[in-house]
Amino acid sequence: MGFKPQTVYELIGGEEPLRLLVDSFYDKVDADAILRPMYPADLAESKRRLFLFLVQFFGGPSRYSEERGHPRLRMRHFPFAIDRQARDHWLEHMLDAIDETSIEEPASSMMRDYFERSSAFLINQPDDSEVSD
């Protein structure tokens, strides 16, 4: 039997660190004038969905797909105008949440890499400097 690398989910010890991460992240979103208008008044369902997604993505149970189907991140985020500023705010809050949750290496770097790449992938609006007259 060969060596099986550990998933982020296994490295961090399961769901609780992800629950703490999501709570920390949404505390920041709730206070962010750029991001808050993109979310519903009650953040509970958004928090639950992000938690289920992160659990599944990082190697835990696949409850997200069982409930909602394939993640299809770009499609699910398309209704929201996500420019570089919104992405940068989102990423800053998520990276700060990783630090506040005390997620250790190598999981921390693996998560940071994923969030940096995926948040850039979700930008669907040009920067003001990219708009031509």
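Visitor: Let us start with α2 and α3. At what angle do their axes cross?
Guide: In this predicted model, the axes of helix α2 (residues 15–30) and helix α3 (residues 44–57) cross at roughly 140° and come within 10 Å.

Visitor: Which residues in α2 and α3 meet?
Guide: From α2, the residues are Glu15, Leu18, Arg19, Leu21, Val22, Asp23, Phe25 and Tyr26. From α3, they are Ser46, Lys47, Leu50, Phe51, Leu54 and Val55.

Visitor: How many of the residues in that contact are nonpolar, polar and charged?
Guide: The contact of α2 with α3 has nine nonpolar residues, four charged and one polar.

Visitor: Now α6 and α7. At what angle do those axes cross?
Guide: The axes of α6 and α7 cross at roughly 170° and come within 10 Å. The two helices are therefore roughly antiparallel to each other.

Visitor: What meets what there?
Guide: Arg87, Trp90, Leu91, Met94, Leu95, Ile98 and Asp99 are the α6 residues. Their partners in α7 are Ser108, Met111, Arg112, Phe115, Glu116, Ser119 and Ala120. By class, the residues of this contact are eight nonpolar, four charged and two polar.

Visitor: Changing topic: how many salt bridges does the structure hold?
Guide: The structure holds twelve salt bridges. One of them joins the side chains of Glu100 and Lys28, at 2.7 Å from N to O.

Visitor: Which parts does the pair of Glu100 and Lys28 tie together?
Guide: Glu100 belongs to helix α6 (residues 84–100) and Lys28 to helix α2, so the pair ties together parts that are 72 residues apart in sequence.

Visitor: Which backbone atoms does the side chain of Asn124 reach?
Guide: The side chain of Asn124 reaches the backbone oxygen of Phe80 at 2.8 Å, and also the backbone nitrogen of Ile82 at 2.8 Å.

Visitor: Leaving aside neighbours within four places in sequence, which residues is Asn124 in contact with?
Guide: With those neighbours left aside, Asn124 is in contact with His77, Phe78, Phe80, Ala81 and Ile82.

Notes. Residues numbered from 1 in each chain as written. Predicted model: local features only at pLDDT ≥ 70, side-chain atom pairs only at ≥ 80, totals over all residues. Heavy atoms only, no water. Axes fitted to C-alpha atoms, helices over the stretch in contact; angles between N-to-C directions. Helix = DSSP H or I, 4+ residues; strand = E, 2+ residues; numbered from the N terminus. Contact = heavy atoms within 4.5 Å. Nonpolar A, V, L, I, M, F, W, Y, C, P; charged D, E, K, R; others polar. Polar contact = N/O pair within 3.5 Å; in protein donor to acceptor, adjacent residues only side chain to side chain. Salt bridge = Lys/Arg side-chain N within 4 Å of Asp/Glu carboxyl O. Parallel < 35°, antiparallel > 145°, perpendicular 65-115°, else oblique.
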